[in-house]
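Visitor: Could you show me how to read paired strands and packed helices in a model?

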Amino acid sequence: MAIRFTGFSTKNKSAINHILTGKDLIIEDLMNHIMTRKGERVMMPTFGSIVHEMIFEPLTPEVKSIIEEDIRSIIEQEPRVTLDFIKVSDTDHTLTVSVTVSIVNEDETVTLEIDLERE
Amino acid sequence: MSQERVDNLFASESWTAVYTAFTNVSLKAYDFDTIREALIDYVSITYPDKFNDFISSSEFVAVLDLVAYLGHSLSFRLDMNTRENFLDTAERRESVLRMAKTLGYNKTRPTNARGFLKITSVTTNQPIADNEGNSLANRTINWNDSNNADWYENFIDIINASLTSTSKIQDPMASMVLSGIENYLYEINQSDASRAVSFSFEAPVSGANRRFEAVRTEFKDDKIIEAEPIETKKFTIINRNDNLGPASDRTGFFVYAKTGKLNFENFTYNTKVSNLIETIASANISNTDVWVQRVDTTNTYSSSVTKVDNDTRETAIYNSLRNGNGDIVSVNTIDNNAVELHYGDGVFGNAASGNYRVWYRTTDNENYRVDRNDVNEKVISIPYTGADKKNYRLVLTVSSTRDFSENFAAESYTSVRRIAPRSYYSQDRMVNAQDYNVLPLSLGSNIISKVKAVNTTFAGKSRYFEMDDVTGHHSNISITGTDGAVYSDTDNITMKLSFNRQNGNTTDFVRNEITKALRHPSLINLFYEVNKDYAKIDLVPSVDFTVDPSNKKFIDTGTTMDESVWPGDFVKLELGADDYQWTSVYYGESAPVANSKFQVTSSVKKISGTIETIVRGYRTRLEVQEITAIKNKIAESDDDIILKYVANDDATYTAPAIGPYIWKIHDAENDAPLVEGQDVFVTLSYNSGIRESEAEYKIKFTGRKIVFASTEQIKFYYGNEDLVVDNETNLAERDKLLINYYNGDRPETIINDTITKYMTIGSTPIDASSYVQNGDSAEFDALFANTGAAQNLDFLQSDNTGVILKPTDSTTHYLVSPVGIEYPYTPEPDTNDVPSV
């Protein structure tokens, strides 16, 4: 039987009494990881993402490749999901990373739209 | 749970009971990783149903990380604080110094080299002339110049011209005799306009260019020291004379110099500040060269501030009273060998106020030595005002002499850790051995690196004893007296050897236990005393021998000797005129040794020589036949066994031959009776005891002992509580008694008559009631007057020219050492026919 994960969140509106479980918890953990700047986490300097440093870069194929690689490595560190698709795009004010992942042991696909605003 | 714990705490529960709640907490976790792991373990065990999202991206895990980080930081600080509070574990230099300071210990900073530089030549541009009218201006006059007959006069003329009016040659400012060397201080009349407190130059010493400074000197407390740098004072030179002539290293004119660089800093305090601490941040400030002065607003010297060891309360008031004014400062070492100046508190010492100047000299923080001529022909140029009030320049060329000390590096922090607590323990006094061991170390680890003090004796030891340790424990003692006596006496010995006849190992008992008695020194003494004339065989004529060059322990006589040599015998080899060597014959497995080739225990010093004398050895190792005989006797009955050492006349002991003497069972019925003190024998008596383990043989024998006695004047202190161990062999040392006879006043000639007279042997008075002429000698019964020891002594007789007549068997008196070396009487040629021992 698949393990059902129970976790904790102070900011997710789905969390009742700050308790989050299942798919919501996995997505929350994944977003926590992506939204953490590399170097930000105490005593774990390699934890986090570099997309925040990339949002003001021109979205050349090289930069796009770097962002994709970064997201891919983050998702590989999350054993509860498998990566299906990544798409990096931008508008005038926003860098958007669209990630589609499948949740392991649950026949479900989730697409995350990560908008990083250039302001 | 936590509330319960708090409630329990307030309820004064036992500490251990309250903290049982921590059984699930890992108290071994001190760093981030282990604390994080412990926290996660704790959560996973305690709340398995409520949380199992232990991935790093989890928000809760991020919070745990923060807590772990905090724990890590706190435990680090706690750990560091604890470690830094103990001298042994403190790492920070500041902590070490502060703790040492708490113990009243000040780390030793580098000590600069200092000493005398000899002035090898002088030059002046002043127009002066010698007594013949020759100008000396701009002429270089060398000290001890063989090309200039008037060098001394010229030298003095130039020096004199540069001195102040109050100090001229023969009229010095100060004089002092130090270690037999006369020292005279002279002051150069330095120009006011260009006055310097020191004159610097560089010289290569120990692989680096070192800065030297020639400095002003003063004589104080029987020392020649650098004077405090005061710009209004004038430079000095020293005239030294060791009365060994001008070429001597210690005769001539000298300047006092130090390595390093003199600096100063000015400080102004407009208001009085109590307990002011001022830091001089320059690195490697000399341990000795710090001066603090009060100056006026133009920075001109006003007065000196006294340096004191301690600026706290009682010490401070003592210092201020002792020194007559309250201007005190203590100089404390801080990191990097910089210093902190601690001024008084305004109550027990003056608080800092006004203008101050601090002089300090920095030096190299390393060990090196300034040797003679390391400083070679360096030039110092000193402006001075001549008697005509005009300014001139004196140029001195200087070179280092042997009177120059080393430059010492600062004390290491390891040394501070080690010595500070010990120094505190000694409390600046040396009372017991431990104090003597540690207090000198506080001078700095480079100056004294190791001390070992041993308690030896009490206060008030006699000044007549020429030694360090009157107990003789660590040094030889030499005692002189007039009532000493040496005599031999019977020595009754009883030994108990544990052995059970029924089930004991007889072979082992005979080989190892009985021989303990046979090799007793008293028995050996007896053997040599009884057999002194039989054991010693002078070979006439002596027998030539050669030595195997490849092994100098093999002696080959080439021909068969008349006297066989046996293992254990001593042989006296003559290797040349008055060149003798005693050695013993090797005790090998195969005995006897052939009588033309044999081996000795020490290498013969020359490849050929002659064998002069053979002294029969006293054999303590039993041979197979002897062991068998003793074993049979033991097995036969538990009767007493008498084992005697006699001349080998028993045919059963000749195949194989053992030697001239054998250990033999005495047959009480058939053999001649043995006499105690004359025959060498031991008696073994068996006692079965009432328990099996108590069975033993008791061995009794009578030997001879050599006794030295003195009733009053010569005493030996015998303490056997701690052994003195030989450093090379690691064996406990045995005391050795060497006796030298001193023949001082001798009585009148005593010869040819029966004498009833109080007389002396050597310097020992004896009571000889009479003596009897006996051919070449005389025999008398002597009673040592002081010791009461009775002894039958022999006189030796000399002819009228003082030559001692050849001793016969009855006139030779021997002292024989336990190892069998004899010390025969050797008379000194003397015109008096006086019996001596």
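Visitor: Which residue in β28(B) stands opposite B:Asp538?

Guide: Strands, which are DSSP runs of E with at least two residues, are numbered from the N terminus, as are helices, runs of H or I with at least four residues, and two strands pair if DSSP finds at least two bridges between them. Here B:Asp538 stands opposite B:Thr613, and 7 bridges join the antiparallel strands β23 (residues 536–547) and β28 (residues 608–615) of chain B. This is a predicted model, in which local features need pLDDT of at least 70 and side-chain atom pairs count only at pLDDT 80 or more, while totals for chains, interfaces and linings use all residues. Residues are numbered from 1 along each chain as its sequence is written, chains are lettered from A and ligands numbered from 1 in the order in which they are written, and side-chain values use heavy atoms, leaving out hydrogens and water.

Visitor: In which order do the strands of the open sheet in chain B lie?

Guide: The 6 strands follow the order β26-β25-β28-β23-β24-β27 with antiparallel pairing, and the edge strands β26 (579–584) and β27 (597–599) of chain B each pair on one side only.

Visitor: How do the axes of α5 and α8 of chain B cross?

Guide: Two packed helices are described by the angle and the distance between their axes. The axes, lines fitted to C-alpha atoms over the stretch in contact, with angles from 0 to 180 degrees between N-to-C directions, come within 10 Å and cross at roughly 25 degrees for α5 (residues 93–102) and α8 (residues 413–426) of chain B. Therefore α5(B) is roughly parallel to α8(B), a term for angles under 35 degrees.

Note on methods. Angles under 35 degrees count as roughly parallel, over 145 as roughly antiparallel, 65 to 115 as roughly perpendicular and the rest as oblique.
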